[in-house]
Amino acid sequence: MRTATSQPTKPLRVLLLENSESHAELITHELKRSGMTTMIGRVNSAESFTVALRSFAPDVVLSDTSLTQLDSFAALDILRAVRPTAPFIIVTSALSDATTVAAIRAGAEDLILRSYLNRLVTSISDALAIRRPLHNLTERQLQVLRLVAEGYRTRDSAKQLGVSVKTVESHRGQVMKRLRVRDIVQLVRYAIRVGLIPSTF
């Protein structure tokens, strides 16, 4: 892991899902050039990615699309299950319209070409800002949010979580209060916006 310490702030934990050392260096250089204080880890397989999500606990994941052992869509599923508050940004050399649409619908926050890495810091900052309210939720509240957004009825959510209907209703009320949303429609839109569920669900 490498640390860039241009500013006396808490380092942003950035996990690179990347095969290429040279591509990782390009991203590291861009983050350092921007003055962003970072702690960077790199993995390239499903197993190491899952372990890093728990042990390194990244604030953001930056992924290539041309991984040999794990594709971006499978990585998104793992991220959603293990560390759902972290945004997933794809950084790659080439993109097709079909890939872009599929990735966004699957829950990726953004897609950035390596030739436009100057967009990276703004993309990261915007992604973290939109997800900041999620950090006010407990793990159980995140589970309730996801189930509500997936269309589960209160009784079914309670059965899924092994709690009472009243408990689910209480958590849902707290989620709406902490996210400052007024109704279920806004709740679902927010869950899709931050990638808690894919828009193709």
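1. The model is predicted. Lining its largest cavity are Leu76, Leu79, Arg80, Arg83, Pro84, Ala86, Pro87, Phe88, Gly107, Arg131, Val194 and Gly195. Of these lining residues, seven are nonpolar, two polar and three charged.

2. The largest cavity holds about 80 Å³ of space. With 30 Å³ or more as the criterion, the count is one cavity.

3. Phe88, one of the lining residues, falls within the range of strand β5, residues 88–92. This strand runs parallel to strand β6, residues 110–113, and four bridges join the two. Within the pairing, Val91 has Ile112 of β6 as its bridge partner.

4. Together with helix α4, residues 97–106, strands β5 and β6 form a β-α-β unit of right-handed sense.

5. Thr92 also belongs to strand β5. Is Thr92 buried or exposed? Its relative accessibility is 4%, so Thr92 counts as buried, the cut-off being under 20%. The side chain of Thr92 makes a polar contact of 2.9 Å with the side chain of Thr65.

How values were computed: Residues numbered from 1 in each chain as written. Predicted model: local features only at pLDDT ≥ 70, side-chain atom pairs only at ≥ 80, totals over all residues. Heavy atoms only, no water. Pairing = 2+ DSSP bridges. Right-handed = clockwise from strand over helix to strand, strands pointing away. 1 Å grid on protein atoms, 1.4 Å probe; cavity = no way out; pocket = protein on both sides within 12 Å on 5 of 7 lines; lining within 4 Å. Points joined across faces, edges and corners; volume = space filled by probe spheres on them. Nonpolar A, V, L, I, M, F, W, Y, C, P; charged D, E, K, R; others polar. Buried < 20%, exposed > 50% of the residue type's maximum accessible area, 1.4 Å probe, protein only. Polar contact = N/O pair within 3.5 Å; in protein donor to acceptor, adjacent residues only side chain to side chain.
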